[in-house]
Every structure is written in C-alpha cells, then in structure tokens.
Amino acid sequence: MKQFLQFFSLFVFLLVLDCRLKKPVYHLTQSEAETRFEILEDIHYELDVHLSPKETFEGKVKISFFGKKLRDLRLDYYEGKIKNIILNDVDLTNLPYENGHIQLPANNLMIGNNTLTVLFETPFAKTGNGLHKFTDPDDKEVYLYSQFEAFHANKMFPCFDQPDLKATFKLNVTVPKNWKVISTTLPNSQSKGQNPDEITFSFPESAKISTYVFSLHAGPYKVWEDKYENIPLRLFVRKSLAKYVDPKDWFAFTKEGFAFFNSYFGIPYPFLKYDQIIVPEFNFGAMENVGAVTFSERFVSRSPMTRSQRENLSDVVLHEMAHMWFGNLVTMRWWNGLWLNESFATYMASLAQAKNSEFKETWISFFEKMKQWAYDEDSYITNHPVEAKVSDTEEAFTQFDGITYGKGASVLKQLVYFIGEDAFRQGVQNYLRKYSYSNSTLSDFLKELEFASGFPMKKWSKDWLETKGTNQVELTTICADNQFYWKIVQSAPGSENKLRDHKTILGLYFFDKPNKQLSFEEFPIVYSGRSTNAIFPLKTCPNFSFINAEDHDFAIWKWTEPNKENLEYVLEFDTDPMRKLILWTDYFRQVQLANITFDEFKDAAVRLYPTETDIKIKRWILSRLAGDNGSTYVTSRFWFPEEKRIQDLDNLQNFLWEELNKAKPGSDEQRYLFVSLIDSTYTAASKKRLYDFLENKLSIGGLKIDQDLRWNLIIKLSSLESNRTQIQNLIEREKKADPSSRGVNSSLAAEGAEPNRSVKEKWIQVLLNPKSSQYSSSTLRVVSYSLFPEYQKDIQLTFLDSYLDALDKFNNGEDENYLDAFAKSLAPDFCTDETLLILKKFTGNHPRLPVPVKKTLLKQIDTEKKCIQMKNKHKDLINK
C-alpha cells in the first residue's frame, strides 16, 4: 500500500508538472501554418457584422477557398461564441471549440471549391487587440477600432490567421446611424437597417491581403478630407480631441510621402484610398492596415507641437506609408521575415524625410533613436539575429524590438553605403514588381538586390542578418612627418557573434585653439577581419580622430584612452550636429560601460550646455542629466547617502533654473528645460517651486503651463508627498477641470504614485486581475508605470514576492501587450546583487513563463548587472 501511495504521489506530481510545462495551443506555430498553407488557397472572406455600444457584437463570415489536400484544417477564433458552423452544407456546430481554434475534419473538406459559414458572437476587447471598444468620458460616445498584428484578427472573427494565406475581403457593417465605418476599401453603398436608428455600410471586395492588415473601425469620428492626385485622403479622430488636431500637417506629410514613394518604388500606390485614423488606447505608435492606418493619440498634442514632435509625426506617417508597398503589397511568408517589413519601413521613412520634407535632420534623429535602441537591444542576452527564428505567434510578438526595427534599418543603411543608392533602389523595384500581391522570403529579396548590384549578398546576409551581436572596434592612430597611420582592431563579443565587413568614415579634426576654431576632413574606409590598417599622407597631423563620422556603420567604438580634453574641445567648437551627437553618445557610453562616472559626465555636460546651439543636442543632454528613469545622472543620485543626494540634485536644479530663465520665451528649449526641472524634482525647495507654478504664484515669460504639463507637475508632486492635504486638493481640482480620458488616466497615475503602501496594494491587486477590472489595458499600463519611481524602491521591495507570484500564474494565452507592460513596469530594478540573484533563480526555476515575460526578466538581469557595474565605479564617491 505504501509503495502504491508513493507511486500515486509520483504520478500526480508528474501529471501536475506535465500540465505546468505543457504550452497552451492557442498560438499558431510555424509548423501548423506551413501545414495549413499546403491545404488551401484562393481564399475569399464575406463578413457581415452588427456593431453597437453593447459589450459584444454578432457577425457572420462566409469563407470560400480552394482545397488542395484533404487534412484536418485549423480555423482560428479566440474566446468568442460559435453559434453555427456550416462546411460544404454540413452542420458542424457541435465540433469541439477550445484553445482558440476549431479543427475542421478532413472528411468534410473537398479537393476544389469549399464554402465555410460561421455565425459568431465576440466580446469587444479592452486590451487594444482584436476589435477594441472605447467610451469617451468627455461625451460618452463609443469608438471602435481593430488591431490584428500579429495574431489578433481571430479575436474579431473566425479566420485562417497567418500572413501567407492572403485573401480578399467583402464587408457589410450595420452601425448606429451617426457612426462612420472605415475599412480597407471605400463603401460602395449605404442602406437603412431594420432598426431605423441604424445604417448598413457595404464595402466592395478588396485586393488580396493578409488578415493582419485587414481592418474595421467605427464610431462618430470627426473627419477631414483631401486628395493626392487620384488618391482620396481622409483623417479621422474622436470628436472631443478634434480641436487639437492640425490636419494641414497630417495631409502635408502624407502628400510628401506619396510624391516620394510613388517615384522611388516605381509602382503607383497599389490600393484605392488612404485613410489615417487616430485612435484611443492604442498599444503601439501606429499600424499599417491597408488603406486605413491607425495612429496612437499620443501624436495629438494639447499644446503647440515642438519641432521634434512634428518631425516624429512625419516619420511615423512615412513609416506606415512605406508598408503599403513593403509589407502589404509584398508580405513576408512567416514572422521570421518581420524585420524586412519593419526595418525597411524605418529606413525608408528617414530616406523620404531626407529627400522630400522640411526635416533634413532626420538622420540625426535616426542615430539618436533607432540606432541607440538597436545597440541597446543587441547588448542583452535576449538578442537575436535580424532574420530571427520564430516558432509561433507568441514569439512573434517579442520580435517587435530594437533589432527588428533599429538594427535591421541600420544594417540596410550600411548595405546602401556599400552598394550605392541606385543599385539598392533598382533591386527594390524589381523585388516589388516580381512579388506584388504575394508573399516572399529573405532569399527572394536578396536575389533581386544581388542581380541589381552585382554585390555578393549571400555572405553579407550570413554576416549581418543571420548571426547576432554587435562588433566592437578599437582605433589606433599614429601621425609623424605628415604620414598618418590608422589601425582598426575588430572584435565579436558573444558566442554567436562574428567578424564582419564594414564600410565607414574615418573623421579627422584639426584644431586652431588660438582662434577657438577647428576643421574636419573625412576618409571613407573599409575594414574586415580581426585587423585592418593603412597609411596615407596629410598636410598636417590631426588633433583628434574618430570613426563612423556620418553613421553609416553599425559597430561600437570601444575607446581605449580617449583624450577627454580634446574631445570636449570638439564638442564645444564643431558646428556639425551629427558628428557632435555621435561623440556625445560615445562619451555617455563610457558611463554605461563604467569607464567614467556620472559625475564626470555631468561636469562636462553642464559646462558645455550653454555653448551648444543645436536643440537636438540640448534635449539629448538634458535627458541624460535630468531624466527620472533609466540610467541618468538623476537616477544615479539614489545610490548616494541622502545628504549628498540633496546637494547634487539642488545643484542640478539651480543649473536648470538658470538655463530656463535664459531660454527664448515660447521656445522648444524652454519647454524641454521645464520638463527636466519637473523630472529632477526631489528636494523641499524644488517641490515648493512646482507647487508655486501650479498655484500661479510663479511663472516664466513665454512658458504656458498647459493641461498636460499641469498633470506632469501633479504626478511628480504626488509621488513625493506623504502629507496629502495640499496635493489631494490639487488632484481633485484638476480632475474637474480635465474630465477627458487623458485627465482620468493622469488622475489615476497621480493616485498610484502616492508613497503609501496601502495605495500600492490596491493597485497591485487590480493589475493582478486585469480581466475583472473596470479599466482598459491602456489605463492599467499608465498606472503601472507610475507606481514605483526611483525614490520608492523601499516600498516596491515589499511587493517583490507578489510580482514574481503573478508572473508564475500568467499563462501563454494572456494578452501579450498586457503581459509585456506588467512585467516591464514592475520589474525589480534595485541595482543590488541580492535582486540579481533572486531574478536569476526565479527565471531558472520557471522555464515555461510566457515568452514576453521571460524576455523581460532576462533583460532585467542584464540591466541589473550593468547597473551594479556602474554603481561600483562610484564606490569611492558613495563612501566619502
């Protein structure tokens, strides 16, 4: 009996373990997608849906397809209600429906034409994926929009949800009569519904497209209309936000894009119209739905937009437009090809801005944002090749990262520098013509580039796209008798990295210190293998040298013994913002590599800031000094004893206040300085100053404290204030003044930021149970990122077990965006060896965590290591 009990206990343990380790089968695997691709083709969807302000919607989808093989066929549909299924006139309504799909039996399929009809009822989403519903707190109007990438079309209706099963879509939508409906095509008719308060919009058959770029949006949206040549242009936004939208900018940026892309691609815009819809609670920046691009409302500013904001809007408009050709007209076969969609659109957006917009500084922005995101992402243990292996659609979500966007685009920029712009453009045109309205692979793309350029693409692809990691390079220079010798030693850190061929620019500076001037010369060079060197004559020897002067290369310059004095001379007297930002970034990287301290960097930044004239560089310096999250001078102060922390932060505030009072009234710099003042507030004196601004006791000429700035002030003060009377009155007053969705979210963020454990406990419980919460994922994300600022780590530490327990309970079927936000926003970043050990043990003991959670934890382990290394560099200062 005892033996039986032992055996039974072991059996139960193994059964539980098996259930724990068994991955839910909702997500589609690459193998399943390949099998399904072999079964059917020539797919046509006819979709009828009835939309209303209720919590669910009903619909019918008729799917016609050609059967090629008789095998069980997976139909994707996530957590809806199946009312009826008819396949080839046979009722299959009683088929098992679980794990987000239905298996259609092979014996009910036919070789040749098949017809599948499904009646369904689907709940509206509040996660931002599927068909999302939003009720505007301003006027109680309801707005709907769809988001289907990568595997969310099936969260709206039953379908074969994979990119290489392209199909046509016909659509009939019944809605309240004051609503507009937007989809892939323009409606060809409107008719009254059976209910006199409703109207039905009918849309004609679309071109062949993938399910993830089909879309449906509805609601009483405000609309503006325009035209580019024969292409109808429309811009939509919810009514209560319309007064903050400048349609002139949106349409101007759109027309610039069409003028450039129609010419560059050699194929006129391949679809019939171009709508842009600004939608609430959006998880991403934008989404390239065919003919109906969605944008986050964060591109709508309630105050005059800075030049940087306008440049960013132009960039995103162009990025999504480039997808109409690269991604929508020609689509990757599977999600391992996602990089080519996103990298190409990222590169093309900057190219279009440089060639045909007012934003000639675009490549500087590319370096500042995309390139640094790429370097950062490639430094983690979670890095992957640009052309990644993607086993299923859950893993596909994690590929939307700095490698897929930033590194891929940087690699394309490097390739163009190698083969030339003309050859690259010709290869792209050939590729698009050959694979229009179909799917392609990396090999297909490379063949066309090689044919156009004569450049051997196979080795280049193996080096740059199919292996991971960033090369590091050391530069050695010697100059004597006007003979200049340079040597580049290349390394490939990481077990799967390799040495690559690079083409870059060697930049040389020549100083004229008596006149406080300098001159610059550049020399294109190619380096490869472990070591490359050369000698060439110069008229005079340079004072300072650096590589990658115009940012064509993708490599980290590993400083050996930088001459800090000469570097700072260049930063002060060079007039080229691209070169200077590259050098500033390399300078700051020495802090991140623990070669110098934050204090050394701060001293240089504070000294040089007043001499700088470029606003991009000024904003960059401010973000590294005064930012209140990530690795900045401000966050590093919390490694120090309180007395030194207060002294350092007061000194920084004094510097910012002095510069703020010197800044041009109403300028972008003035706003950046004021935001930096808010971010770096901590001491009693700096808190009082923020209260004075809020209560109109203090003002700066030309600086308008608009509604969003007021909320920034309030959230910061709430996070610092244990005496709640004054701040609570301000929160209540502001809630009444701003009942908008931004106001609601900001007031909740202010509540979550309160340094009170019981408040944190309340919100942690809400975040642990998002499905039972009244809040959308978007609102919960806003709150979660406000919960634990840098100076509340003592409170966050008490929730570490709750956080890890929650991660252990999430499963692979949870919404990826929510899992990602939850894991990132609450990740323990205490910069201690103890936290590092806890994270390592937890991750090692939980191999079956959802993929987004696992990736976040692994990155956090690396972040803790880097932070500890930087902190140790400051030991002598900390222990003073």
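## Contacts of Leu51

A contact here means that heavy atoms lie within 4.5 Å. In this predicted model, Leu51 has such contacts with Phe57, Phe124, Leu131, Leu144, Val173, Thr174, Val175, Pro176, Trp179, Leu216 and Ala218, leaving aside residues up to four places away in sequence.

## Nonpolar core

Leu51 also belongs to the largest nonpolar core, a set of 275 residues. Together with Phe157, Phe160, Trp325, Phe424 and Leu807, Leu51 is among the residues that touch the most other members of this core. Helix 5, spanning residues 338-356, gives the most to the core, with 10 residues.

In soluble globular proteins, nonpolar side chains tend to be buried together. In the protein chain, buried residues make up 60% of the 880 residues.

## Overall fold and dimensions

The secondary structure of the protein chain consists of 30 helices and 29 strands. Among contacts with a separation of 6 or more, 72% join residues 24 or more positions apart.

The radius of gyration of the protein chain is 28 Å, which agrees with the value near 29 Å that a compact globule of 880 residues would have. Along the principal axes, the C-alpha atoms fill a box of roughly 90 × 80 × 70 Å.

## Surface and charge

The protein chain exposes about 35,600 Å², and carbon and sulfur atoms supply 51% of this area. Its charged side chains comprise 110 positive and 117 negative ones. The centres of these two sets lie 1 Å apart.

Notes
Residues are numbered from 1 along each chain as its sequence is written. Side-chain values use heavy atoms; hydrogens and water are left out. Helices (H or I, at least four residues) and strands (E, at least two) are DSSP runs, numbered from the N terminus. The radius of gyration is taken over C-alpha atoms; the globule rule is 2.2 Å times the number of residues to the power 0.38. Buried means under 20% relative accessible area, exposed over 50%, partly exposed in between (1.4 Å probe, protein chains only). Accessible areas come from the Shrake-Rupley method with a 1.4 Å probe; for residues, only the protein chains shown count as cover. Lys and Arg count as positive and Asp and Glu as negative; His and the chain ends are not counted. The place of a charge is taken as NZ of Lys, CZ of Arg, CG of Asp or CD of Glu. A nonpolar core is a set of buried Ala, Val, Leu, Ile, Met, Phe, Trp, Tyr and Cys residues joined through side-chain atoms within 4.5 Å.
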